Amino acid sequence: MKSDAVIELRNVSKAYERHTVLRNINLQVRAGEFLTLLGPSGCGKTTILRLLAGFEQADSGEILIAGRDMRALPPEQRHINTVFQSYALFPHLTVFENVAFGPRLQGVRGADLQERVLEALRMVKLEDYSARRPGQLSGGQQQRVAIARAVVNRPLVLLLDEPLSALDYKLRKAMQIELKQLQRRLGITFIFVTHDQEEALSMSDRVAVMNAGRIEQLGTPRQIYETPENLFVARFVGEINTLFGRVVAVDPPYYDICVHERIVRLKSKFIFASGDRVNILIRPEDLRIWREHEGSDEERATLFPAAVEDVVYKGSTVDLIIRLDNGDRLSTTQFFNEDDQAIVNLDFQPGERVFVDWVHDWEVILPHED
Amino acid sequence: MKTREPFKWVAVGTIWTWLALFALLPNAMVLVASVLERGQDQFFAFAFTLASYRRLLDPLYLSVLLDSLYLAALTTVLCLLIGYPFAYLLAQAPARRRALLLLLVIIPFWTSSLVRTYAMVILLKTNGLINQMLLGLGWISEPLELLYTTPAVIAGMCYALLPFMILPLYAALEKLDRRLIEAAHDLGAGRVTIFRRVIIPLTLPGIIAGAMLTFLPALGMFYVADLLGGAKTMLVGNLIRDQFLAARDWPFGSAASAMLTGLMALLMWAYYQSSRRANRGALP
Ligand SMILES: Nc1ncnc2c1ncn2[C@@H]1O[C@H](COP(=O)(O)OP(=O)(O)O)[C@@H](O)[C@H]1O
Ligand SMILES: [Mg+2]
């Protein structure tokens, strides 16, 4: 067993009645890391947290916390605290009493209690609100009380179930940064749940992408985004274009792949045989657009002819919807670049003829899935 | 909006007339009667006096009042002790069973409580069902004296008033957010702590409402004391009834009645104050 894992799930499965919710989950969470469970609604993220907190029992497999098997331990005896999706603050208690709830149960009293609670409230910038009731606070403030109420217990691991999903965009962004800073400062292991891929990528040390009760991929945000291991992960963590191809010549790790009647030579860590069908995945920002007058004739021979279908101005970028002449639709993101005369070149018109290619090596080649 | 004015006036007017005729007027009459003198051959003589109120301070009548308060309080506490676990199970039960249990709570309302009190007489009397059963089982050798005792009165009042305790408790417990209980567990609380620090405070409005709905009627229920307590138990309700129907001392009966109404009003005011305090700072 790895010694740096505070939490370890081994072959954990869980079903409600006949409906299987988690299938053979294996996961090791390292001490002090910010791990995010990312996946669509209903994929089992909350269920994993509930198993860790002790509200549910696994049907099979082991759950180890700090090396100890947790199955027999009720929630109140686990060294884990949860920030609930609905906050679940006690409406009849003041902010102070809400935060003091845990420490009191640990026998902290008097000046010690006062100090510890206020310290937690200071951490979330709510020390002036200690006499209020939860009902008198805004959503963002309630969120922060929920965080203070959990971290004041100095848990080994903090579980956060979509803690930001109820907040509006701006507040969510601000809280993402605050949470991340808090986690660094406290050094507590965070297991964070979200269905928002941007949130997951920007906050986490590692991300576990989940689908239908399975972990599809576990890795750093960069690994998840740049080298997705399957189509689900590729599509779930951000927009991606899929080009269909067929392997025509093999020279591992290089493969000649026929894409829309053009042969491209690409590198892949997968092993393919000649004749295999593959998907070539390219992020919108990795596609390059050439205008009709750009590039030499021989350069052009390797490009894909297309037409601009739609232009979406987004402030710092311009998104183009491109239709290849063979019918595939691609979405691209072009950045304004002030060092470049490109700035004038972003003035695309719908219907305009263009050529498309991508920065080779930035694509991901995956076996075709039906 | 204009077209609805007449309807509004008729609706509101009807309610006010009704209340004025059947609530305000009788109470006003009781209040007036309570400060009149007792008449020779009429019910009262039209002369002002506070004699009836002074008579109420007689230790004899004060002890009746204290007995009544004590019995009503005891009834309330017993109803709470029986009603809370029942309401808790009711709120936890799956939807279908819950409907059935609720029906069981409500069924007694289909019969008048007077009739139900007579049913208790049949159960409790010397050769009643309970004694016969205990004798039949050989647990006792001669019948127990059950009827015409204070416990019989308390049992009868609990029986009559239990639904009024259960229903508000159920309403409060059903609203209780289960996630708060999980949150308390998560923060390290065991069952007892959760019950004391989360469940009870959050269902307090239901507890108070149930206590009011049990305590206030318990003060005035004279027929239960009559039928199950015999002549031994004299409560405020009996006292008032006797003044009007037996002693024919209407001013004194009115004074006792006015005092009871005043006492109830005071309790309701206290309830209103406490609920206002509890609501301050709760969810808007
Ligand atoms: N108590 C329960 N009883 C039955 N099914 C449940 C229960 N809790 C969750 N589920 C089901 O388990 C699946 C996973 O739920 P959950 O872990 O909450 O997903 P997520 O948090 O990823 O949205 C869902 O299909 C949900 O309907
Ligand atoms: Mg969830």
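At what angle do the axes of helix α7 and helix α9 of chain B cross? The legends below start there and then move on to other views of this predicted model.

**View 1. Helices α7 and α9 of chain B.** Welcome to the pair from the opening question: helix α7 covers residues 150-175 of chain B, and helix α9 covers residues 191-220 of chain B. Their axes cross at roughly 155° and come within 8 Å. Angles over 145 degrees count as roughly antiparallel, and α7(B) and α9(B) are therefore roughly antiparallel to each other. The crossing in which α7(B) passes α9(B) is right-handed. On the α7(B) side, look for contact residues including B:Met157, B:Leu161, B:Phe164 and B:Met165. On the α9(B) side, the contact residues include B:Ile199, B:Thr203, B:Gly206 and B:Ile207. Sorted by class, the contact of α7(B) with α9(B) holds 15 nonpolar residues, four polar residues and no charged ones.

**View 2. Helices α3 and α7 of chain B.** The contact of α3(B) with α7(B) draws on 23 nonpolar residues, four polar residues and one charged residue.

**View 3. Helices α3 and α4 of chain B.** Stay with α3(B) and follow the chain to helix α4, residues 95-106 of chain B. The axes of α3(B) and α4(B) come within 8 Å and cross at roughly 145°. This crossing is left-handed. From α3(B), B:Phe86, B:Leu90 and B:Ala91 meet B:Arg98, B:Leu101, B:Leu102 and B:Val105 of α4(B). By class, the contact of α3(B) with α4(B) has six nonpolar residues, no polar ones and one charged residue.

**View 4. Chain A.** How many helices and strands does chain A have? You can look for ten helices and 20 strands. The C-alpha trace of chain A spans about 80 × 45 × 35 Å along its principal axes. Of its 370 residues, 51% count as buried. Among the contacts in chain A with a separation of 6 or more, 66% come from residues 24 or more positions apart. The accessible surface of chain A is about 17,400 Å², and carbon and sulfur atoms account for 47% of that surface.

Definitions and conventions:
Residues numbered from 1 in each chain as written. Chains lettered and ligands numbered in written order. Predicted model: local features only at pLDDT ≥ 70, side-chain atom pairs only at ≥ 80, totals over all residues. Heavy atoms only, no water. Axes fitted to C-alpha atoms, helices over the stretch in contact; angles between N-to-C directions. Helix = DSSP H or I, 4+ residues; strand = E, 2+ residues; numbered from the N terminus. Parallel < 35°, antiparallel > 145°, perpendicular 65-115°, else oblique. Left-handed = near helix turned anticlockwise from the far one by under 90°. Contact = heavy atoms within 4.5 Å. Nonpolar A, V, L, I, M, F, W, Y, C, P; charged D, E, K, R; others polar. Buried < 20%, exposed > 50% of the residue type's maximum accessible area, 1.4 Å probe, protein only. Areas by Shrake-Rupley, 256 points an atom, 1.4 Å probe, with all protein chains shown as cover.
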